[in-house]
Amino acid sequence: MRRTTRSPSPSAAHGLLARLAGVLLLAALLLAPVLGAAQEGEPQPEAFPAERGVYLNPERAPTGDLDTLLRTLSDREMPEERLEGFTSYQNPALGFVTAPDNRVWRDFRTYWTKWIHGILIVLAVAAVLGLFVWRGSQGYDRDPQGRRVPRFRFLDRVVHWTTAISFVLLALTGLNLVFGRQLIQPWAGDAAFGALSQGALLVHNQVGFAFLLGIMAMAGLWVQDNLFNRVDREWLRRAGGLPSGRHVPAEKFNAGQKLIFWISILGGLALGVSGILLMLPISTIGMGWMQVLHGGHTIVAALMIATIIGHAYLGSVGVSGSFDAMWRGDVDRQWARTHHPLWIERLERGRAASAEPETPPRAEPAEQETAR
């Protein structure tokens with residue numbers, strides 16, 4: 001005999017689900033007090049543990065939330081140790097609220113950075129003005145025949161100006177991060193200053209690559225002419241002739257120009273490498289090394305800005321005729337004999353040697369024909 005099964009009706013299924021939901025609700029109501037008591041008995045992580053020295057004044061921070069605590073506590077009330085807690089982020093560095101080493105970096109970033117840049121820039125400007133008042137612009141007697149000597153190739157000038165313009169953009173956008181809140185934000189407003197700072201940071205990060213490439217190209221093009229020798233020791237001993245007012249013989253670059261070259265190359269490489277590392281995530285090298293890189297980047301940048309201020313003055317107003325060398329590529333012959341006599345003498349000797357015609361071989365006397 002064939003057995004048939006009947007499916008439950010919809011009303012019966014609904015009744016079964018209702019009974020099951022009632023049982024689960026009753027179990028939850030019975031277990032809630034038990035679970036609550038167990039949770040109260042377990043030690044909970046304190047947001048501001050007392051053993052770490054944090055004092056939360058209930059009157060100043062009645063809610064006890066973290067943001068209120070950090071806004072109301074002064075530096076003197078901050079703990080000397082790391083104030084650690086817990087976080088759901090994957091980065092372990094985010095598991096603490098505050099730490100003494102971070103506050104040292106904050107003080108350097110917000111206070112000492114301004115003093116370092118301000119002092120070095122003021123000293124550089126004061127030195128330039130003092131030198132101009134003392135010696136004025138170093139002139140020269142122009143060549144009577146108007147002869148000019150090639151000094152820099154087109155490639156040299158392209159590399160120089162690419163690097164120079166990149167550095168100016170980096171300096172301006174970087175100084176905005178240092179002095180912008182005090183000098184720009186008060187009169188520009190929060191919204192305009194925020195947009196300016198975001199754009200400045202974008203320009204700073206992108207132009208940095210062009211600057212680094214320019215520095216490496218400069219090193220490859222000019223390193224051979226910027227090696228120090230005995231002539232440079234004499235130039236340094238006589239301080240470039242500034243005290244006496246007499247020019248000291250020099251090669252294509254004098255010792256002062258060589259110093260600026262090496263400061264630019266080494267400082268530029270340090271800025272480029274540290275800048276690239278600062279753009280990486282913090283987890284790549286850690287918070288401590290990020291702070292060291294930021295401090296080094298800031299100090300080297302201040303030294304570079306002060307150095308380039310002096311270089312710009314000497315390459316334009318300080319030494320008349322010098323700007324033509326990097327703008328047009330050639331200089332007046334008399335300018336070269338005045339400031340770089342050893343270079344022009346070597347250059348003219350080489351030209352004279354290459355221009356001398358080769359001595360033709362002496363012709364052998366023709367054999368006389370024998371008389372018939």
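**Close-up views of the predicted model**

**View 1. A nonpolar surface patch that includes Ile119 of helix α3.** Tyr111, Trp112, Trp115, Ile119 and Leu123 together form a nonpolar patch on the surface, with about 580 Å² of accessible area; such patches comprise residues with over 30% relative accessible area and no salt bridge, nonpolar side chains (Val, Leu, Ile, Met, Phe, Trp, Tyr) being joined within 5 Å, where a salt bridge is a side-chain nitrogen of Lys or Arg within 4 Å of a carboxyl oxygen of Asp or Glu, and accessible areas come from the Shrake-Rupley method with a 1.4 Å probe. This is a predicted model, in which local features need pLDDT of at least 70 and side-chain atom pairs count only at pLDDT 80 or more, whereas totals for chains, interfaces and linings use all residues. Residues are numbered from 1 along each chain as its sequence is written, and side-chain values use heavy atoms, with hydrogens and water left out. Ile119 counts as partly exposed because its relative accessibility is 43%, the classes being buried under 20%, exposed over 50% and partly exposed in between.

**View 2. Arg106 of helix α3 and Gln291.** Arg106 is found in helix α3, residues 100-135 (helices are DSSP runs of H or I with at least four residues, numbered from the N terminus), and counts as partly exposed at 33% relative accessibility. Although Arg106 and Gln291 are 185 residues apart in sequence, their C-alpha atoms are 9.4 Å apart in space.

**View 3. Aromatic pairs that involve Phe323.** Rings of Phe, Tyr and Trp (its six-membered ring) pair if their centres lie within 6.5 Å, with planes under 30 degrees apart counted as stacked, over 60 as edge-to-face and the rest as tilted. The whole structure holds eight aromatic pairs; among them, Trp161 and Phe323 are edge-to-face, at 5.9 Å centre to centre and 65 degrees between the planes, and this pair links helix α4 to helix α11 across 162 residues. The ring centres of Phe323 and Trp327 are 5.7 Å apart and their planes lie at 20 degrees, so this pair is stacked. Phe323 is partly exposed, with a relative accessible area of 37%, whereas Trp327 is exposed at 54%.

**View 4. Trp335 in the largest nonpolar core.** This core has 27 residues, of which Phe167, Phe211, Val331, Trp335 and Ala336 touch the most other members; a nonpolar core is a set of buried Ala, Val, Leu, Ile, Met, Phe, Trp, Tyr and Cys residues joined through side-chain atoms within 4.5 Å. Its largest share, five residues, comes from α6. Apart from neighbours within four places in sequence, Trp335 is in contact (heavy atoms within 4.5 Å) with residues including Tyr140, Arg151 and His340.

Terms used
Buried means under 20% relative accessible area, exposed over 50%, partly exposed in between (1.4 Å probe, protein chains only). Helices (H or I, at least four residues) and strands (E, at least two) are DSSP runs, numbered from the N terminus. Patches are made of residues with over 30% relative accessible area and no salt bridge: like charges are joined within 9 Å, nonpolar side chains (Val, Leu, Ile, Met, Phe, Trp, Tyr) within 5 Å.
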